[in-house]
Amino acid sequence: MVATVEQQILLRSEMENFLFQEAELLNDGRFHDWLELCAEDIRYIIPVRMSRERANGDGNSTTMTHWDDDYAGLQLRVLRLDTEYAWAEDPPSRIRHHVSNVRVQPGTGTDEYDVRSNLLVFRNRGDSPQHDLISAERHDVIRRSEMGLRLASRRVVEVVPVFVEFEVAVPHLMPARW
Amino acid sequence: MSIVGDKNDIQQLIAAGQESLAKGRLPAGLVANAEVHKLEAQRVFGTCWQFLAHETEVPEAGDYVVRYLGGGSIIVVRGEDGEVRAMANSCRHRGTQLCRTEMGNTSHFRCPYHGWTYRNTGTLAGVPAQKEVYGVEMDKNEWSLTQVPRLENYGGLIFGCLDEKAAPLVDYLGDMAWYLDLITKKTQGGLEVRGEPQRWIIDSNWKLGADNFVGDAYHTLMTHRSAVELGLAPPDPKFASQPAHISLSNGHGLGVLGVPPGQPMPPFMNYPREVVDGLAEAYGDQDHADMLQGTAFIHGTIFPNLSFLNVLIGKDNKSMPVPMLTFRLWRPLSHDAMEVWSWFLVEKDADEEFKQQSYETYVRTFGISGVFEQDDAETWRSITAGTQGLLAGSQMLNFEMGMGVLTSDDTWKGPGRPLSSGYAERNQREFWGRLLELLTDTGDDASETGPQLRAQPLTGADEVA
């Protein structure tokens, strides 16, 4: 059954709200709350991106990642920030996630949606005037559960081959450097 | 901001550094110094052997990767004849880059500017309109891609050197070769690189990474304290202080740290049974196998800028610890920035399940987003910034650890000069000492004879008699 235009708009709005809420939690440093939005079978991946000729594809690696976490891995990062010793993010970065271009398709599982969105992350830290501006695209599976929408998987693509500035570029595509 | 002015100032600072290192002190102004950076470009990176690629990154004929040497782009390619070569990524006509991507496979390199075409061995195969405008007499042999003058392979690791007269790689490595065997020859099939290297830039001087990996087990407790609190590393403050810290030649050094007595760690770094059973045969001797049995982790640096870490570690606080191996190249960009290249390697012959676990462990602990790696970078950035300025730049830094206190480990079964504690700084002193030796005007003149191999420690005896 093809969704009506109204249904499509509502669905997209619902997914946007989820992503905007997610971004707010990250920007506000509410990482435990953010973790609640993750399904327990989540896989969160940022493939390494290489510079390749057009004929050889988009350059997203299939064999190496910058980030490859399951729920336990993400949870570890949240717990790490709770210790007083996460030097890399203490003092914390000032981060703003700008989420846009949200596109929703039906997913393969029941109650799942394939959601693509663009991300622009602004980041600044310490008393340096310099900032990172990272652009990426997320390919998410968002799942409708009894407790609400949950992030079931995320693949972050269209990043750059060499990350610049501090070592943090990567982790800004989702939680702050953990 | 550099605290030194003209050329004489920097040579004075270098001389002061050589003198003070003998007493275990280093002038902070040398750490992230723009003048030092300029000197290093020729005197260190123009003369020493440096890592380019692992042979498994270019497995088939025509495979190439683009790397860096001496500040320029280099093609590392396996030719149609099966030989691996390295050459300047630069057309002999006008200097155009032939490879404008990081990796690929090709039988010929063709320049996009005028179409000059080279075989993947580097020889010039074709020049458009040659007969008409260059003449049949054009000797194409004169116009091959410029080869890296020295290229040698040890244990699958391909090194290049821009100094034609450099000693063979195996002599340059000295006893480091024995320890490279420990890491790379656990199985008959040897290692393979899995995936592509991660690359990232940190606003830190390159030497801080090399210094950390050459001898710093001392930092594990504090820098990685968050990991300790999460149960990823033992809470024992002396966990990483088991013998031995081993000093080698030419500025190389490593730590092969033992399992503390009473610590419930699996032997042989928890490598799979099939690997452990075949160790002595793969190594070709029992000594390497015996050493691996009691080892917790191995960290080291091959001067100047290749480091490695082979460690048994858990990817999270719920999983069994799994061994993983990473190699690091600290590429200097400026006095206060470096590009880090990080490779993950694993035994070719191991089963897929082990490889997957080892890969996950690597990415989560010591890759670019690793929960351990992040905090290391934070301290190195902080040192780069913290040694700037007139005041901090003028201070002496304490590199005295172990001097007059630690003794040689006479039970150590491997080569080199081992100290009886993993908490030591002799490797760091010798790393910086070797660096200063290469930089000094009055020392080895690289343009004439090439830097002399250094077998004896530079920084004076620091063992208890």
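This is a predicted model: local features need pLDDT of at least 70, side-chain atom pairs count only at pLDDT 80 or more; totals for chains, interfaces and linings use all residues.

Student: Got it. Which domains is chain B divided into?

Tutor: Chain B is split into domain 1, residues 53-154, and domain 2, residues 174-439.

Student: How many residues of domain 1 of chain B are in contact with domain 2 of chain B?

Tutor: On the domain 1 side of chain B there are 5 residues, and they are in contact with 7 residues of domain 2 of chain B. The centres of these two domains of chain B, taken over C-alpha atoms, are separated by 35 Å.

Student: Switching topic: what's in the largest nonpolar core?

Tutor: The largest nonpolar core has 166 residues. Those with the most contacts inside this core are A:Ile142, B:Leu52, B:Ile74, B:Ile75, B:Val76 and B:Leu345. Strand 19 of chain B, residues 337-347, gives the most to this core, with 8 residues. Both domain 1 (53-154) and domain 2 (174-439) of chain B contribute, with at least three residues from each.

Student: Why would nonpolar side chains be buried together?

Tutor: I can only give you the general pattern: in soluble globular proteins, nonpolar side chains tend to be buried together.

Student: OK, and what is A:Ile142 in contact with?

Tutor: Leaving aside its neighbours within four places in sequence, A:Ile142 is in contact with A:Met15, A:Phe18, A:Tyr113, A:Val115, A:Leu149, A:Leu151 and A:Ala152.

Student: Now helices. At what angle do the axes of helix 6 and helix 15 of chain B cross?

Tutor: The axes of helix 6 (residues 206-215) and helix 15 (residues 426-439) of chain B cross at roughly 140° and come within 8 Å. That angle makes helix 6 of chain B oblique to helix 15 of chain B.

Student: Which residues make the contact?

Tutor: From helix 6 of chain B, B:Ala210, B:Asp211, B:Val214 and B:Gly215; from helix 15 of chain B, B:Arg426, B:Asn427, B:Gln428 and B:Phe431. The crossing of helix 6 of chain B past helix 15 of chain B is right-handed.

Student: Where is B:Pro304?

Tutor: B:Pro304 sits in the loop between strand 16 (295-302) and strand 17 (306-313) of chain B. As for B:Ala244, look in the loop between helix 8 (225-229) and strand 14 (245-247) of chain B.

Student: And what is phi at B:Phe268?

Tutor: Phi of B:Phe268 is near 55°, a positive value in a residue other than glycine. B:Met269 isn't a glycine either, and its phi is positive at about 50°. B:Phe268 is in the loop between strand 15 (253-258) and helix 9 (273-277) of chain B, and B:Met269 lies in the loop between strand 15 and helix 9 of chain B.

Student: Is B:Met269 buried or exposed?

Tutor: B:Met269 is buried, because it has 26 other C-beta atoms within 10 Å. B:Phe268 has 19 C-beta neighbours inside 10 Å, so B:Phe268 counts as partly exposed. The cut-off for buried is 20 or more.

Methods
Residues are numbered from 1 along each chain as its sequence is written. Chains are lettered from A and ligands numbered from 1 in the order in which they are written. A nonpolar core is a set of buried Ala, Val, Leu, Ile, Met, Phe, Trp, Tyr and Cys residues joined through C-beta atoms within 7 Å. A residue is buried if 20 or more other C-beta atoms lie within 10 Å of its own, exposed if 12 or fewer, and partly exposed in between; C-beta atoms are placed from the backbone. Helices (H or I, at least four residues) and strands (E, at least two) are DSSP runs, numbered from the N terminus. Domain bounds come from an automatic or database domain assignment. Two residues are in contact if their C-beta atoms, placed from the backbone, lie within 7 Å. Axes are lines fitted to C-alpha atoms, for helices over the stretch in contact, and angles run from 0 to 180 degrees between N-to-C directions. Angles under 35 degrees count as roughly parallel, over 145 as roughly antiparallel, 65 to 115 as roughly perpendicular and the rest as oblique. A crossing is left-handed if the near helix is turned anticlockwise from the far one by less than a right angle, and right-handed if clockwise.
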